[in-house]
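Let's take a walk through this protein together, starting at its surface and moving on to the contacts that join its parts. Have the structure open and turn it as you read.

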Amino acid sequence: MGDTTAAIAAMFPQYDFLAVEVHAPGVGGLLKLIEKQKLQNIRVVRHDAVEVVEHMIAPGALAGVHVFFPDPWPKKRHHKRRLLQPAFVHALAQRIQSGGYIHVATDWQEYATVILETLRAEPLLANTVADYAPRPAYRPTTKFERRGLARGHGVWDVIFRRR
Ligand SMILES: C[S@@+](CC[C@H](N)C(=O)[O-])C[C@H]1O[C@@H](n2cnc3c(N)ncnc32)[C@H](O)[C@@H]1O
């Protein structure tokens, strides 16, 4: 609902953020937070992230990318709907400047292993740690993450650098 984006943008006023989401209530939630907190460094696009990355972002234009809790599509026959496919990861990596980063967080263990392998297989990226990274202080825990953790579910952070 935009809470995390608003919190991170408030933490880093020196950076500009482009928030991408298709879900109207999420976009609306973020717009409300921007207004309430008078945030000056967020732009919002309500559109498919794959198309935004392919058509609206120049190579090397991004200092970093956050993909927090992408839909896990748990059923095997739905895995093709997952956002983090090799071709999209490659397109994202091309748009990150050298030394920039991509940070993915998921609470779905099997997707976490697939994400780790997909990013490892991308030649433009290098892992910042051996496998899963500790949660950086800038990523606040979400309401739904706290609920999951209370039930004993885990969260996995995957952080790679652009070579
Ligand atoms: C599980 S929710 C997580 C939302 C939020 N990032 C969080 O951590 O609470 C996944 C979100 O990804 C959005 N989404 C899925 N595919 C997308 C795409 N191709 N482009 C933009 N947003 C997408 C969905 O609308 C949904 O709000």
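A patch, as the word is used here, is made of residues with over 30% relative accessible area and no salt bridge, with like charges joined within 9 Å and nonpolar side chains (Val, Leu, Ile, Met, Phe, Trp, Tyr) joined within 5 Å. Lys and Arg count as positive and Asp and Glu as negative, while His and the chain ends are not counted. Each charge is placed at NZ of Lys, CZ of Arg, CG of Asp or CD of Glu. The areas come from the Shrake-Rupley method with a 1.4 Å probe, and for residues only the protein chains shown count as cover.

Before going further, please keep in mind that this is a predicted model, in which local features need pLDDT of at least 70 and side-chain atom pairs count only at pLDDT 80 or more, while totals for chains, interfaces and linings use all residues. Residues are numbered from 1 along each chain as its sequence is written, and side-chain values use heavy atoms, with hydrogens and water left out.

Now to the surface. K75, R77, K80 and R81 come together there as a patch of positive charge. One of these residues, R77, sits in the loop between β3 (62–68) and α4 (86–95); helices (H or I, at least four residues) and strands (E, at least two) are DSSP runs, numbered from the N terminus. R77 counts as exposed because its relative accessibility is 56%; the cut-offs are under 20% for buried and over 50% for exposed, with partly exposed in between (1.4 Å probe, protein chains only).

The loop between β3 and α4 has other residues worth a look. F69 is found in this loop, and its phi is positive, at about 55°, although F69 is not a glycine. Why does that deserve a mention? Most residues other than glycine have a negative phi, and most peptide bonds are trans. F69 is buried, with a relative accessible area of 14%. K38 also has a positive phi, near 50°, and its place is in the loop between α2 (24–37) and β2 (42–45). With a relative accessible area of 55%, K38 is exposed. Back in the loop between β3 and α4 you will also find Q85, which is partly exposed at 28% relative accessibility. Q85 and V114 are 29 residues apart in sequence, and their C-alpha atoms are 9.3 Å apart in space.

Next, look at the charged pairs. Side chains of opposite charge can pair when their charged atoms come close. The whole structure holds 4 salt bridges, each one a side-chain nitrogen of Lys or Arg within 4 Å of a carboxyl oxygen of Asp or Glu. In one of them, R82 and E110 meet at 2.7 Å, N to O. R82 lies in the loop between β3 and α4 and E110 in helix α5 (residues 109–120), so this pair ties together parts that are 28 residues apart in sequence. R82 is buried at 5% relative accessibility, whereas E110 is partly exposed at 33%.

Helix α5 also holds E117 and R120, which are 3 residues apart and so separated by about one helical turn. Their side chains form a salt bridge of 2.9 Å, N to O. E117 is partly exposed at 44%, and R120 is partly exposed at 40%.

A further salt bridge joins D157 to R139, with the closest N and O atoms 2.8 Å apart. Because D157 lies in strand β6 (residues 156–162) and R139 in the loop between β5 and α6, the pair ties together parts that are 18 residues apart in sequence. D157 is buried at 3%, and R139 is buried at 1%.

Finally, the aromatic rings. A pair of aromatic rings is described by the distance of the centres and the angle of the planes. There are 3 aromatic pairs in the structure; rings of Phe, Tyr and Trp (its six-membered ring) pair if their centres lie within 6.5 Å, and planes under 30 degrees apart count as stacked, over 60 as edge-to-face and the rest as tilted. F12 and Y15 form a tilted pair, 5.8 Å centre to centre with 40° between the planes. The rings of F12 and Y138 have centres 6.4 Å apart and planes at 70°, so this pair is edge-to-face. F12 lies in the loop between α1 (3–11) and β1 (17–20) and Y138 in the loop between β5 (125–127) and α6 (143–150), so the pair ties together parts that are 126 residues apart in sequence. Ring pairs link F12, Y15, Y101 and Y138 into a cluster.
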